[in-house]
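Keep the model open while reading.

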Amino acid sequence: MQSAMFLAVQHDCVPMDKNAGSGPKSEEKREKMKRTLLKDWKTRLSYFLHNSSTPGKPKTSKKSKQQTFIKPSPEEALLWSEAFDELLASKYGLAAFRAFLKSEFCEENIEFWLACEDFKKTKSPQKLSSKARKIYTDFIEKEAPKEINIDFQTKTLIAQNIQEATSGCFTTAQKRVHSLMENNSYPRFLESEFYQDLCKRSQITTDPHTT
């Protein structure tokens with residue numbers, strides 16, 4: 001399953017090595033990167049299993065301001081498979097999905113979507129304008145540090161819209177990125193070992209008592 005995941009990653013995410021050739025050295029390099037990615041993926045996602053409080057028992061710490069995610073019950077985790085928006089609506093699910101996308105080198109998609117969510121809630125015209133330009137420079141313009149995969153026409157329309165920014169500047173792009181995640185990364189997340197573990201019930205032996 002994991003090898004299949006890597007083939008899918010290379011199809012709709014940024015290639016791991018744009019200059020990779022087809023020789024033995026290039027093949028060895030790709031295999032090494034795959035092993036590194038696998039290790040990084042397991043490390044990042046296992047963080048949520050081992051550093052989250054149990055369902056119904058949130059951790060509190062006055063000394064640390066780091067956000068602690070409450071591990072969902074298997075029933076709650078299963079809800080994420082019913083709809084992509086169910087996953088996004090869960091703080092734990094969203095954090096886990098972000099870590100999963102980071103392991104696939106596609107975290108720019110969820111980061112853009114979240115930036116758009118925050119942008120739509122902005123009321124001040126001044127802040128709206130400054131946030132619009134930051135989103136454009138971070139995610140939209142050519143060779144942006146977190147450039148998302150959208151068509152040229154949409155990019156051009158956004159460039160025009162941010163001149164007089166409104167809350168709907170990035171609506172089309174956000175919908176396309178949402179669809180991209182829903183149709184590609186989301187199914188792989190649901191098939192991941194991490195998600196499958198969340199959905200498992202505790203293995204407790206319950207042998208029937210003989211009377």
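## A lysine in helix 8

K155 sits in helix 8. Helices (H or I, at least four residues) and strands (E, at least two) are DSSP runs, numbered from the N terminus. The model is predicted: local features need pLDDT of at least 70, side-chain atom pairs count only at pLDDT 80 or more, and totals for chains, interfaces and linings use all residues. Residues are numbered from 1 along each chain as its sequence is written, and side-chain values use heavy atoms, with hydrogens and water left out.

Is K155 buried or exposed? K155 is buried, at a relative accessible area of 15%. Buried means under 20% relative accessible area, exposed over 50%, and partly exposed in between (1.4 Å probe, protein chains only). Setting aside neighbours within four places in sequence, K155 is in contact with Y136, I140, E147, I148 and I150. Contact means heavy atoms within 4.5 Å.

Two of these partners, Y136 and I140, are among the buried residues of helix 7 (residues 125-140). The buried set of helix 7 also includes L128, A132, I135, D138 and F139. Helix 6 and helix 8 (152-161) are among the elements that cover these buried residues.

## The fold

The chain has ten helices and zero strands. Along the sequence the pattern reads α-α-α-α-α-α-α-α-α-α. Of the 211 residues, 35% count as buried. Take the contacts with a separation of 6 or more: residues 24 or more positions apart account for 59% of them.

## Helix 6 against helix 9

How do the axes of helix 6 (residues 107-120) and helix 9 (residues 171-191) cross? They come within 10 Å and cross at roughly 140°. That makes helix 6 oblique to helix 9. Axes are lines fitted to C-alpha atoms, for helices over the stretch in contact, and angles run from 0 to 180 degrees between N-to-C directions. Angles under 35 degrees count as roughly parallel, over 145 as roughly antiparallel, 65 to 115 as roughly perpendicular and the rest as oblique.

From helix 6, N109, I110, F112, W113, C116, E117 and K120 take part in the contact. They meet A173, Q174, V177, H178, L180 and M181 of helix 9. These contact residues divide into eight nonpolar, three polar and two charged. Ala, Val, Leu, Ile, Met, Phe, Trp, Tyr, Cys and Pro count as nonpolar, Asp, Glu, Lys and Arg as charged, and the others, Gly among them, as polar.

## Aromatic rings

The structure holds eleven aromatic pairs. In one of them, the rings of F189 and F194 have centres 6.4 Å apart and planes at 55°, so the pair is tilted. Rings of Phe, Tyr and Trp (its six-membered ring) pair if their centres lie within 6.5 Å; planes under 30 degrees apart count as stacked, over 60 as edge-to-face and the rest as tilted. Both F189 and F194 are buried. Ring pairs link W80, F84, Y92, F97, F100, Y186, F189, F194 and Y195 into a cluster.

## Two exposed residues

N183 lies in helix 9. K121 lies in the loop between helix 6 and helix 7. N183 is exposed, at 52% relative accessible area. K121 is exposed too, at 62%.
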